[in-house]
Amino acid sequence: MENTTTPAIPNPLAPLEHETIFRAMVDSVRDYAIFLLDPNGFVITWNPGAERIKQYRPEEIIGKHFSVFYPEAEKLADKPGFELKMASATGRFEDEGWRIRKDGSRFWANVVITRILGAQGQLIGFGKITRDLTERRAAEQRFRLLVEGVTDYAIFLLDRTGHVASWNSGAQRIKQYTADEIMGKHFSNFYTPEDREKGMPQYVLKQAEGHGHWQGEGWRVRKDGSKFWSSVVVTALRDEEGQLTGFSKVTRDITDRKQLLDELQRHTEELERQVEERERTNAELEAFSYSVSHDLRAPLRAIEGFASALKEDYGTQLDETAHDYLHEIISASTRMNRLVRDLLEYGRLSRIEIIPQTVAVRPLVRQLLHEGPAEYKTATLTGDKDSSVLANESTLAQVVMNLISNAFKFHAIGVAPQVEINVEHTGRGLVRIAVKDCGIGISPEHQEKIFKVFERLHGFNEYPGTGIGLAIVKRGTERMGGKVGVESQPGKGSTFWVELPSSLEKGI
Ligand code: ADP
């Protein structure tokens, strides 16, 4: 019968081989100095790592006391002896510090000394593992110097529970504590009592822990109790296993910026309030003038009507002077009627809803010239043939008509008006409609105010009008999202222009 029990797997390596393999392994390590010391600290083995780091060949160092690796001062203080004592008492001793190579140069070492006991528990020596951390230490030092030198930012570390674990000069400058005063204290000291009560410090750490970091602004308190507005970033720090080790905190004092922003905010609010008030007053005034204009119409019609009736029914009974008076009454009321009509139109322009539509400019201008008085047919039309704008057609017609009628009106006596209307893309997504005349022109100091209601530069008898036309041009254009302007020289003529968004693709 076959034996079904599994035979015990024999250990393929004999104890002697174990030692050989272990020695081969130690001998292949180059990044660590691994060697043995006898109970008194004399070197008994030496690996290539030790040779590379400390520069001694095995035959140069085996049998020598390990204190040769220590700087003179530490040798005098018997640091090597102390370390062996600690290792033999506790089993293990770890240290970081300067050590000396054979050529006398220093390196920053991480050292672990382990006690080795014999079968009866007697001390038979020490294992020593040394790593050269000079590079890492230099990098850390550079980083520390960098952080230390920053004075505009408070950069410091907190432990897991929020106690200050490092402090830079920026932190001292901003928060006024020296490192001695604040190290180990809880960072909630920097918060206002109200924020502390609300649990803000704990909230910040929780957020940073949960999301990796927390960022915010708020009032913080300096050592002397004064407050500053800070911008803070708290970052959770974790080790390789992902365990939280603490937090880094970077704080900036942005009180100046905050004050500026607050000031700006105050100004903006004040401005908004003023604008609102002005708009309200304007709206009230406009409503008032609208209703006045509206209410004026009926009595005006009565004056006009009765004056005409008087002339017709009783004309034969009136003498010449009475006829002159009647004529004055009728023409004055006609003028006033026109004024009221224009004012109502001006008011209407503020209230109507402007729905932009595509309007082909040249056909519209051509139609206006065609429908106007006979002299309008002498005007020339130049520029882009197929420009179209986004506008309200009737408002645009009103705007252009006012400009054309002014261009034909304001010429010197005895000089025939010459008017040219040019339509062109400006290259910024806009179309410019310019009405040019060779008339009397406008001196620079008047060029702005003529766009206001009732601003006229001439007497009614010289050039009749209401003084509302250009105000209608300006308001109508602006309500369609455009701009108006004039270029003019007294005695040479004027060019009034309006610019409106092109209906073609933006940017053309
Ligand atoms: P109105 O034409 O009824 O007087 P407007 O508001 O249209 O009112 O124009 C205001 C004033 O601007 C005019 O009275 C005139 O003095 C001046 N003005 C307008 N257009 C021209 C022009 N093309 N040439 C010279 N002056 C002009």
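Colleague: What should I keep in mind about the model and its numbering?
Modeller: The model is predicted, so local features need pLDDT of at least 70 and side-chain atom pairs count only at pLDDT 80 or more, while totals for chains, interfaces and linings use all residues. Residues are numbered from 1 along each chain as its sequence is written, and side-chain values use heavy atoms, with hydrogens and water left out.

Colleague: Which residues come nearest to the ligand?
Modeller: Of the 20 residues around the ligand, the nearest are N406, D437, R456, T466 and L470; a residue is near a molecule if one of its heavy atoms lies within 4 Å of it.

Colleague: And what does the backbone of T466 do there?
Modeller: A backbone N or O atom of T466 lies 2.9 Å from an oxygen atom of the ligand, and a polar backbone atom of L470 is 2.8 Å from a ligand oxygen atom. The side chain of K409 has an N or O atom 3.0 Å from an oxygen atom of the ligand.

Colleague: How much of the ligand's accessible area does the protein cover?
Modeller: On its own the ligand has 530 Å² of accessible area, of which the protein covers 98%, with areas taken from the Shrake-Rupley method with a 1.4 Å probe.

Colleague: Which elements give two or more residues to the shell around the ligand?
Modeller: Those are α14 (393–409), α15 (469–479) and β15 (493–501), where helices (H or I, at least four residues) and strands (E, at least two) are DSSP runs numbered from the N terminus.

Colleague: How do the shell residues divide by type?
Modeller: The shell around the ligand holds eight nonpolar, eight polar and four charged residues.

Colleague: Changing topic, where is S502, and is it buried or exposed?
Modeller: S502 lies in the segment after β15, and S502 counts as buried because its relative accessibility is 7%, buried meaning under 20% relative accessible area, exposed over 50% and partly exposed in between, with a 1.4 Å probe and protein chains only. A polar atom of the S502 side chain lies 3.0 Å from the backbone nitrogen of L504.

Colleague: What about the phi of Q55?
Modeller: Q55 has a positive phi of about 75° although it is not a glycine, and Q55 sits in the loop between α2 (48–54) and α3 (58–61). Most residues other than glycine have a negative phi.

Colleague: Where is Q176, and what is its phi?
Modeller: Q176, found in the loop between α7 (169–175) and α8 (179–182), also has a positive phi of about 75° without being a glycine. Q176 counts as partly exposed because its relative accessibility is 30%.

Key:
Polar contact = N/O pair within 3.5 Å; in protein donor to acceptor, adjacent residues only side chain to side chain. Nonpolar A, V, L, I, M, F, W, Y, C, P; charged D, E, K, R; others polar.
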